[in-house]
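Here are my notes on the model you sent.

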Amino acid sequence: MTDQVAFFNPLEDKTIGKLPDPCVLVIFGVTGDLAAKRLLPALYNLAREGQLPSHFACVGFARREKTNEQFRKEMLDDVSTYSRTQPIKEEVWSVFNEQLFYNRSEFDNDEGYKALKELLKNLDLEFGTKGNRIYYLSTPPSQFPLIIKKLHQHNLIYDEHTYPNKFSRIVIEKPFGHDLSSALALESTLELYLHEDQMYRIDHYLGKETVQNLLVFRFANAICEPLWNNKYIDHVQITVSEEDGIGTRGKLYEEAGTLRDIVQNHMMQLVSLIAMEPPVSLNANSIRDEKVKILNSIRPMTEDQIKRYAVRGQYGPGFIKGEPVRGYTQEDNVSSTSYIDTYVGLELFIDTWRWTGVPFFLRTGKRLPKRATEIAILFKELPEILFSSIIPHQNNTLVIRIQPDEGISLKFNSKIPGSSTLVHPVKMDFRYSTHFGTTPPEAYERLLCDCMLGDQTLFARKDEVLASWKIIQPILECWQTTHPSTFPNYAAGTWGPAAADHMIQQEGRFWRQI
Ligand code: BG6
């Protein structure tokens with residue numbers, strides 16, 4: 001048996017060989033960046049892999065005037081630029097092209113929804129899509145309630161309990177609210193029109209191959225679980241580091257900041273997956289139940305603790321790969337006196353039997369020296385009796401590289417060959433690309449496919465979203481009322497503010513060098 005055959009991924013296995021049911025996917029805000037860079041390339045790649053439903057059509061809904069032909073041409077340009085597989089296969093595109101349609105309308109215009117209803121009826125006849133719908137809301141979050149209400153008013157959302165043979169699902173993109181109270185308000189609006197099993201809240205980190213592998217790695221290997229606790233683990237470090245600045249997203253970032261943009265969603269997903277108890281099964285709710293328990297066990301911070309355990313930063317001018325780059329407040333559509341955070345460092349405590357006493361250090365920032373997302377598990381120090389005088393301070397470290405260079409490595413100490421007992425840290429390294437000989441599919445491919453299959457495992461549930469807002473909310477409130485006097489406090493191209501180093505060092509630990 002080869003290694004490849006021996007590798008068994010139960011999450012993957014659920015979808016093997018399954019083709020989604022016929023459906024029409026309607027993308028609201030199809031002229032935006034997300035559709036161009038991620039959604040259409042993902043759909044094309046699903047088509048290329050034969051993973052789209054056999055009866056399928058896609059409708060773009062947006063405000064700009066254009067014909068079907070213009071829409072198709074633009075989509076081809078985008079897919080040609082952003083698809084992970086190149087060049088575009090003519091035989092795949094020619095079929096996919098004929099499945100693309102455009103419906104121009106403002107989001108509040110009833111005429112637009114009437115036209116959509118008519119178009120969908122015709123597509124059902126032409127493509128055999130059987131009344132099944134997925135509405136993807138790739139719009140600013142402020143538009144979500146309006147669009148869902150309009151879809152409901154025009155009878156475009158079926159209650160699956162009344163019409164068990166048809167589905168209508170809604171996909172929404174983060175941010176799910178701006179803070180705890182707006183998230184609660186959004187959820188109450190959604191609940192007026194939808195059941196939880198129709199809601200697909202996308203956090204694209206969950207679609208990343210390496211994030212899905214966290215569960216397999218932890219629970220399909222007998223060597224992990226016995227060590228995965230406060231007896232053996234000293235602390236955990238989670239890093240989401242980006243080289244890029246905020247680019248053209250100045251307006252959006254001014255209302256968000258990194259705590260909302262990355263920590264509340266992507267990082268909390270990573271924390272919950274790395275810390276959760278084994279689920280009783282691999283179904284969506286069993287996994288999500290365990291994740292919520294972890295989020296609910298994270299110790300809420302008081303104002304004094306926030307000062308000690310939460311650090312914010314903002315980049316100033318600096319250099320990335322030797323090229324000068326602007327500071328945050330010089331970016332387009334950003335206030336010159338902005339206090340928005342582009343870096344966050346946090347220390348969290350999870351109050352469970354497994355994790356009590358194990359700090360989780362989180363750091364994330366824009367304009368750091370390199371793009372790297374990883375989870376590092378640092379094991380406890382050795383008793384000093386045998387090798388203490390010759391070991392240069394090295395804990396065993398397990399590193400799960402989410403991206404790039406996806407893989408897992410384990411650092412352990414080894415004897416240097418020779419007559420003395422000199423010890424040196426060495427590394428065992430597993431790399432996806434060299435082992436499996438392929439680059440993993442994009443997160444959106446997996447997520448779109450799962451939504452068509454009706455599998456919610458990799459989507460956030462309402463209680464998960466609210467639980468992570470509860471953790472973040474006290475920090476948001478504290479940071480809103482006290483403005484830092486030191487911003488910008490790190491130069492672009494450096495590893496964040498000195499205060500973040502101080503935060504971890506006061507606990508006797510150090511950030512890993514990446
Ligand atoms: C998005 C954030 O959710 O994730 C962006 O809004 C961030 O600010 C991006 O750059 C990072 O995603 P990835 O897949 O490149 O790690």
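1. A term first. A residue counts as buried when its relative accessible area is under 20%. By that cut-off, the buried residues of H15 are Ala 443, Tyr 444, Glu 445, Arg 446, Leu 447, Leu 448, Cys 449, Asp 450, Cys 451 and Met 452. That makes ten of the eleven residues of the helix, which spans residues 443–453, so H15 is largely enclosed by the rest of the structure. Just after H15 comes Gly 454, with a positive phi of about 80°.

2. Overall picture. Please bear in mind that this is a predicted model. The chain holds 17 helices and 18 strands. Its radius of gyration is 24 Å, close to the 24 Å that the globule rule gives for 514 residues, so the chain is as compact as a globular protein of that length. Along the principal axes, the C-alpha atoms fill a box of roughly 80 × 60 × 45 Å.

3. Of the 514 residues, 54% count as buried. The accessible surface of the chain is about 23,100 Å², and carbon and sulfur atoms supply 53% of it. Among contacts with a separation of 6 or more, 78% link residues 24 or more positions apart.

4. The H11–H12 pair. How do these two helices cross? The axes of H11 (residues 258–275) and H12 (residues 284–297) come within 9 Å and cross at roughly 110°. Angles from 65 to 115 degrees count as roughly perpendicular, and H11 and H12 are therefore roughly perpendicular to each other. On the H11 side, the contact uses Met 268, Gln 269, Val 271, Ser 272, Leu 273 and Ala 275. H12 brings Lys 291, Ile 294 and Leu 295. By class, that contact has six nonpolar residues, two polar and one charged.

5. Pro 53. This residue sits in the loop between helix H3 (33–48) and strand E2 (56–62). Pro 53 is buried, at 4% relative accessible area. Leaving out residues up to four places away in sequence, Pro 53 touches Pro 20, Asp 21, Pro 22, Cys 23 and Met 452. Met 452 is also one of the buried residues of H15. Gln 143 lies 90 residues from Pro 53 in sequence, and their C-alpha atoms are 29 Å apart.

6. The loop between H16 and E18. Pro 488 lies here, and a cis peptide bond joins Phe 487 to Pro 488, with omega about -10°. Asn 489 is in this loop too, between helix H16 (462–481) and strand E18 (490–491). Is Asn 489 buried or partly exposed? At 23% relative accessibility, Asn 489 counts as partly exposed. Beyond residues up to four places away in sequence, Asn 489 touches Arg 312, Gly 313, Gln 314 and Pro 497.

7. Gln 403 and Pro 404 are joined by a cis peptide bond, with omega about -20°. Pro 404 lies in the loop between strand E15 (397–403) and strand E16 (407–415).

8. Positive phi outside glycine. Asn 155 has phi near 55°. It is found in the loop between helix H7 (144–153) and strand E5 (168–173), and is exposed at 54% relative accessible area. Lys 321 has a positive phi of about 50°. This lysine is in the loop between strand E10 (318–320) and strand E11 (323–325). Lys 321 is exposed, with a relative accessible area of 70%.

Technical notes
Residues numbered from 1 in each chain as written. Predicted model: local features only at pLDDT ≥ 70, side-chain atom pairs only at ≥ 80, totals over all residues. Heavy atoms only, no water. Axes fitted to C-alpha atoms, helices over the stretch in contact; angles between N-to-C directions. Helix = DSSP H or I, 4+ residues; strand = E, 2+ residues; numbered from the N terminus. Parallel < 35°, antiparallel > 145°, perpendicular 65-115°, else oblique. Contact = heavy atoms within 4.5 Å. Nonpolar A, V, L, I, M, F, W, Y, C, P; charged D, E, K, R; others polar. Rg over C-alpha atoms; globule rule 2.2 N^0.38 Å. Buried < 20%, exposed > 50% of the residue type's maximum accessible area, 1.4 Å probe, protein only. Areas by Shrake-Rupley, 256 points an atom, 1.4 Å probe, with all protein chains shown as cover.
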